[in-house]
Amino acid sequence: MPEIGADRRTWLLSGPTSSYALRLTDAGELLHLHWGPRIALADAEALAALPPTPYRPFESPLDGREEYPVEGGPRFTRPALSVRTEERRGTEWTFEGHEADDGELRLRFRDAGLRITLHYRMRGDVVERRVTLANDGPAPVELLRADSATFTLPERERFRLSQLHGRWAAESRLVRSGLGYGEQIIGSRRGHTGHQQLPWVALDTDATEEHGEVYGCALAWSGSWRIAVARLPDARVQITGGAGHDDSGLLRLAAGEHWTTPVFAGLWSDGGFGGASRAWHAYQREHVVPDADRDRPVLYNSWEATGFDISEEQQGTLARRAAAVGVELFVVDDGWFGARTGEHAGLGDWRPSPDRFPSGLKPLADYVHALGMRFGIWVEPEMVNPDSDLYRAHPDWVQHRPGRRRTEFRNQLVLNLARQDVQEHLWEQLDGLLSSAPIDYVKWDFNRCFTDPGWPGDPYPQRIWVDHVRALYALVDRLRAAHPQVAFESCSGGGGRIDLGVLGRTDQVWTSDNTDPLDRLAIQHGFSQIHPARVMAAWVTDSPNTQLNGRVSALRFRFVSAMAGVLGVGGDLMRWTEEELTEARAWVELYKEIRPVVQRGDLYRLRPPEGGLSAVQYVLGDETVVLAWLQAQHHGEPAPALRLRGLDPAATYLRRGGDVPRADGAGSGEEDEVHRGAVLSHHGLRTGLRGDLDATVIRLRRV
C-alpha cells in the first residue's frame, strides 16, 4: 500500500528494490521527489523539506520538477495535459484530496468543471501511472493532449538512450546513443503501434548487461502514440508519454463524459539491462498477459505451404503431417472465407467459402481435434476489400475524407471501428464464427496503416484515432468473455502491433514476418529487452528462405532459433523429406521438455547476436536451458564456451545430455557432466558448436 506522510501531502510507493515519491507543496504544486533505490517514508519527508530551487532568470522553478506538467502558468517544458474550452485554454488546477486503497494511490484535482485524477500503482518494481479526466461542467472540454505520465529522472552528468527501431521484417532493432540537450521524440502516426518504433525507452549512464542503474518506460497503447525524452538545461531528464501523435486534438468530453489514459509504466533497476528486462518480463507474466502461467502450444500455420490456394482436403493432409511431428495447434491462415482467392477480394466477409469448405469449418476442426491438436484460424476484422459483400453494402463504413481518393494498400481499406454499427457488425460476425465450430485460437491481423482517418458527419472526427483502439479493446474483451476457450494472437504484418495494451488482451504476438533464423536473432534480442519469451511467436520455415533473402540454413539452426520463444512451424511439410520430418519431431519433443523453462524462466542474454557466437539462458527453479548459435567460425579460433549466469555458485549442476543428434550421429555435447555453479559462472561451459550457422541446446539441473 502507498505510504502517506504525517502532513498528508507526501506520498511514497515502494516495491521490492525501488521507491517512488512525490510531494504537494503548500502552494499546491505537485512535485516529484524520488525514483530509484528503495527508501523509507522518513527519507521522502526529508527530501520534501529541502529548500526550493533558487530563482534563475528566464527559467521556471517548476520545470523538470513537476510530477505532471500542465499547460499554462510559469511552465516552459512540454505539457502532459493541454485542454481548451470555448472560453479558455490551459489548466489552473487545485488539489481536492487523495485516496489510497487496493494498492492504488489517487490524487484528485479540479479546474472549473474538469476533474483530473492521477493514478499510481506499484506492481513489483514497476510503477503504473495513468490519468482520468472527467467533465462535470455543462460545456464541452477538448483534450488537445492528455499524456499518461511524465517521469522525472535524477540529475546525472550524462545519460544514454536505448530504443527499439525498425521496419517491416526488421523490427525491434536495439540502438543506444548519447542523450543530448533538447527533446528526442519517438512514436507512431499510423493508427497502430507500428513496425518503426516500440513504445519503450530506457536510460542509463554506464550500465552493462548485468550491472548498473537502468530507468525504463513503456506505454500500454495499440494506436498512434508519442514518447518524448527531454534533457533540460539543468541536465534533468523527463520522459512524457501517451496516446496520440500530436497536439491537434485527442477527444472532446461532453458533459458527464470521462477518459482514462492508457498506462505509462516505469521501472528502475540496478541490475543492468538484463535485470531490467527480467523485471519487465515478470511484471507482464504476472500482471499483463492473460493466463501467462499456461505454456503456449507448439503451432503449425499453413500459410507458407499453401498461400491462398487452400481446401478442406488439403488442410487435412497438412494437419496429419503436423500431428505426426508433434504439433499441438493447427492454424488455417488467410483464404478460408468469402471470395478470398488473393489479396483483391473477400476481406470483411467472415463466412467460410462454400467452394473450399462446403460444410463450414466444423468438419476440419473436428478432424484436427481427432488428431490430438487444437484448431485455429486467421482473421483481419478491421479491414475490408472494396471487392467484398461488406463494402458493397456499407461503403460509408470505411475511414475516408470527402472529396479525396481512398488510399488502398494491399487492396484494403480500414473500417471505421469507432462507429457503433461497425462494432456491432463485427461482434455478430466473429461471435457467430467462433460459435459455428470448435475454434481454439484466432490470429488477429492488421496489415494496413491509417491513411484516410476521416469520419464524415461526425462532430469531432479526430476521435477516430482513440476510439478505434478503444473499440478494438472492447471487441476483443467481449469475445474473450464469450469464448474463454479461445486464445488470441496479435499480428500486424509481423511486429506492427506489439505493446503492453494489446498484450493485456492476447496470449502471444507475431514478432516479425521475417522467419529467417539468423535475422531473427537480432529481432528477438531487441524484443527481449522489454517483452518475455512467453509471448514471442517464432516459426521454423523452409530453406532456402524464399520469402526474403534466399539464405540456406540447417533445420537444426532454424529450430534452435525458433525455440527461443513460442515455437511454431510454418514450412511446407508436404515437401519435407522423411529425414527432416523425423528430425523435426525430435526437436518438437525436446522443446516440449524445455518449454516451461523457456516460457516462464528468467532470461539472461549471455552474448548478443553481433559476433560469431550468441546465446541466451533461461533459469526456472533448479532447471537451466541455454540456446546458443554460432554464426561463423574461423580456423584456429578456440572452441566456443559460455559463462552462465543466475546460478548458485555453491551448487552442483548436472548437464542433462546433448540435444538432438547431428546428421552424422554425433551428439552436441558430453552427457552427464557435473559442474559447480561457480565454475559455470567464471570459467564457462563448452558449447560443442563448430562451423557456420550451427546451434545447440544445453540443459542443466541443480542436484
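In this predicted model, S82 is buried, with a relative accessible area of 4%, a value that falls under the 20% limit for that class. The residue belongs to strand β5, which covers residues 81–84.

**Surroundings of S82**

- The side chain of S82 makes a polar contact with the side chain of E71, at 2.5 Å.

**Helices α4 and α5**

- Helix α4, formed by residues 312–324, and helix α5, formed by residues 362–370, have axes that come within 10 Å and cross at roughly 10°.
- Because angles under 35 degrees count as roughly parallel, α4 and α5 are described as roughly parallel to each other.
- The crossing in which α4 passes α5 is right-handed, and the contact is made by E312, Q315, G316, A319 and R320 on the α4 side, with P363, L364, Y367 and V368 on the α5 side.
- Sorted by class, the residues of this contact between α4 and α5 comprise 5 nonpolar, 2 polar and 2 charged.

**Helices α11 and α12**

- Helix α11 (residues 555–562) packs with helix α12 (residues 578–600) at an angle of about 25°, and their axes are 11 Å apart.
- That angle makes α11 roughly parallel to α12, and the crossing of α11 and α12 is right-handed.
- From α11, the residues L555, R556, F559 and V560 meet E580, E583, A584, W587 and V588 of α12.
- The contact of α11 with α12 has 6 nonpolar and 3 charged residues, with no polar ones.

**Helix α10**

- Helix α10, spanning residues 517–527, is mostly covered, since 9 of its 11 residues are buried, where buried means under 20% relative accessible area.
- The buried residues of α10 are P517, L518, R520, L521, I523, Q524, H525, G526 and F527.
- At the start of α10, a side-chain oxygen of D516 reaches to within 3.1 Å of the backbone nitrogen of L518, and L518 is itself one of the buried residues of the helix.

How values were computed: Residues are numbered from 1 along each chain as its sequence is written. This is a predicted model: local features need pLDDT of at least 70, side-chain atom pairs count only at pLDDT 80 or more; totals for chains, interfaces and linings use all residues. Side-chain values use heavy atoms; hydrogens and water are left out. Axes are lines fitted to C-alpha atoms, for helices over the stretch in contact, and angles run from 0 to 180 degrees between N-to-C directions. Helices (H or I, at least four residues) and strands (E, at least two) are DSSP runs, numbered from the N terminus. Angles under 35 degrees count as roughly parallel, over 145 as roughly antiparallel, 65 to 115 as roughly perpendicular and the rest as oblique. A crossing is left-handed if the near helix is turned anticlockwise from the far one by less than a right angle, and right-handed if clockwise. Contact means heavy atoms within 4.5 Å. Ala, Val, Leu, Ile, Met, Phe, Trp, Tyr, Cys and Pro count as nonpolar, Asp, Glu, Lys and Arg as charged, and the others, Gly among them, as polar. Buried means under 20% relative accessible area, exposed over 50%, partly exposed in between (1.4 Å probe, protein chains only). A polar contact is a pair of N or O atoms within 3.5 Å; within protein, one must be able to donate a hydrogen and the other to accept it, and residues adjacent in sequence count only if both atoms are side-chain atoms.
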